[in-house]
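Student: I would like to learn how to read a structure. Where do we begin?

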Amino acid sequence: RHGWVMFLVDLVATCSMHEGAYQSGYLKWETPEDVDPIFPVDDALIAVGVDGELLERSVAQQRGYVVKMLNSVFQIGIPYNAEGGRRKSLALDGLYEFYVFNLYVEQILLEGDQVDARLRVFRTLVTPLLPRPLFCENGTLLAERMFLAYLGDVPEDVVLVSVGLNGQEFPLQAQTLTGFTVTEVAHANNTRGYTLKVPFDHPVVQQQQDRAMQYVLMIQFTLHVLPEERPVYHQTSVTVLLDASPPAINASCSDSGIRFTLEHRPSEHPWQITIGSELLTSELAARHGYVLSNHSQRLQLDVPLFTAGYEYKNVSLKGFAGTFEVHLQDPKSAEVHSWVQTCPFSLSQYIFCSRNGVMTVVADLSPMVQSGLDPARTSLLSKDCRPTESDGTRVLYSFPLNSCGNT
């Protein structure tokens, strides 16, 4: 005799028929909460991951994964560029990319407080081809007379292989970059950039001169998508206009002197400021008592009254005119432009020497006038040196430097 034991097992194989979709920057996949409509369960839980490894909920949320329930359907959304996926560049009519995620989902079915079943699903989700535009920034350095173009957001599987400048090709690996530079810049987000620097005076740069000097640089970046080495191109152009005329100098008067202001602007000529025959420098300013400030936007020169370089005219007890002259000089062509500023000054007393060797003194004798002194009857050490002008309290003397008792 043999005893028989019979087991009746009801097996149901089920899975979601949703193939996945791409929408608004997310890869999406759906699965019903109740995968067995014949024998429904009380509740269901779900966990997601990639490449066969489930993620902690906090980690999944940090990566931007979204799991929500809508009409008894679990909806799973993954940002197309989230961590855990793989990307690939393609060179078609421009640069494109796509992303692949090996989605791993575990669905836990509960009967009361007991686990009734576990359903694990592997599904490969792929984005459509997405445009991957590169960007180029113009950072031209006018003060250095240098074109600077930055090509950015280059994926890690795309490399720059050559640069075309105004139709002339320069392969990077052939070490033909004479007179200009290309520098690679790596970024933490697995992209790279390239900085191109070309001097305005490089032979490849197009130059045209009319009222202003025009520099033109047309750039073509040739890149290869790896490992296929299929080419993709990015083109841009940069034009720089530099004014050949001298910048304007503004001058203003004050009670204590004259102020000259020059607004810096891009110019074809490196204009220099001179006072007389001397180049204006911080050392010259300190030696003569000028106050000089110079930064990227503006140069300002304060020339106090009676410092070196002034010319004085129309001197009387009522006042005088002070004139100061500055020059703009092009060191290349020796072209010179001059700015002359004349300001009226009125002081109660002063002393100065003119360029022609004449000393002028205005003195206020008010304290002595109260004692009965007549200002018009005063003199210097030499009795022959009488005032050239006087009023009730002041006198003006004007005489050669080697006279009137001067030593």
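Tutor: We will go through disulfides, a sheet and a domain interface in turn. Keep in mind that this is a predicted model.

Student: How many disulfides does a search of the whole structure find?

Tutor: The general idea is that a disulfide is a covalent bond between the sulfur atoms of two cysteines. In this structure, the search finds 2 disulfides. With the bonded cysteines numbered in sequence order, the pairing is 1-2, 3-4.

Student: How far apart are the sulfur atoms of Cys253 and Cys343?

Tutor: The sulfur atoms of Cys253 and Cys343 are 1.9 Å apart, and the two residues form a disulfide. The angle about the S-S bond is -75 degrees, and this link is left-handed. The pair joins distant parts of the chain: Cys253 belongs to strand 20 (residues 249-254) and Cys343 to strand 28 (residues 336-345), 90 residues apart.

Student: Why does Cys343 count as buried?

Tutor: Cys343 counts as buried because its relative accessibility is 0%, and the cut-off for buried is under 20%.

Student: Which parts of the chain does the pair of Cys385 and Cys404 link?

Tutor: Cys385 and Cys404 form a disulfide with their sulfur atoms 1.7 Å apart. This pair also links distant parts of the chain, 19 residues apart: Cys385 is in the loop between helix 3 (366-369) and strand 31, and Cys404 is in the segment after strand 32. The link of Cys385 and Cys404 is left-handed, with -95 degrees about the S-S bond. Cys385 is buried, at a relative accessible area of 11%, and Cys404 is buried at 12%.

Student: Why is the sulfur of Cys353 too far from the closest cysteine sulfur for a bond?

Tutor: A disulfide needs two cysteine sulfur atoms within 2.5 Å. The closest cysteine sulfur to that of Cys353 is in Cys404, and at 13 Å the distance is too far for a bond. Cys353 is partly exposed, with a relative accessible area of 43%. Cys136 is partly exposed too, at 27%.

Student: Let us turn to the sheet. What is the order of the 4 strands in the open sheet?

Tutor: In general, strands of a sheet pair through backbone hydrogen bonds, either parallel or antiparallel. Here the order is 29-30-32-31, and the pairing is antiparallel. Strand 29 (350-353) and strand 31 (389-390) are at the edges; each has a single partner strand, so one side of each has no neighbour in the sheet.

Student: Over how many bridges do strand 31 and strand 32 pair?

Tutor: Strand 31 pairs with strand 32 (residues 394-400) over 2 bridges, in the antiparallel sense. Across from Glu389 stands Leu396 in strand 32.

Student: The last topic is domains. Which domains does the domain assignment of the chain give?

Tutor: The assignment gives domain 1 (21-130) and domain 2 (135-242). Their C-alpha centres are 42 Å apart. In domain 1, 7 residues are in contact with 10 residues of domain 2.

Student: What is the area buried between domain 1 and domain 2?

Tutor: About 650 Å² is buried between them, and carbon and sulfur atoms give 61% of this area. On the side of domain 1, Lys88, Ala91 and Leu95 lose the most area to domain 2, together 62% of what that side buries.

Student: How many salt bridges does the rule find across this interface?

Tutor: The rule finds 2 salt bridges between domain 1 and domain 2. Elsewhere in our reading Lys88 came up for its lost area; the side chain of Lys88 also meets that of Glu228 in a salt bridge, at 3.2 Å from N to O.

Definitions and conventions: Residues are numbered from 1 along each chain as its sequence is written. This is a predicted model: local features need pLDDT of at least 70, side-chain atom pairs count only at pLDDT 80 or more; totals for chains, interfaces and linings use all residues. Side-chain values use heavy atoms; hydrogens and water are left out. Two strands pair if DSSP finds at least two bridges between them. Buried means under 20% relative accessible area, exposed over 50%, partly exposed in between (1.4 Å probe, protein chains only). Domain bounds come from an automatic or database domain assignment. Contact means heavy atoms within 4.5 Å. Buried area is the accessible area (1.4 Å probe) that two parts lose on being put together, summed over both. A salt bridge is a side-chain nitrogen of Lys or Arg within 4 Å of a carboxyl oxygen of Asp or Glu.
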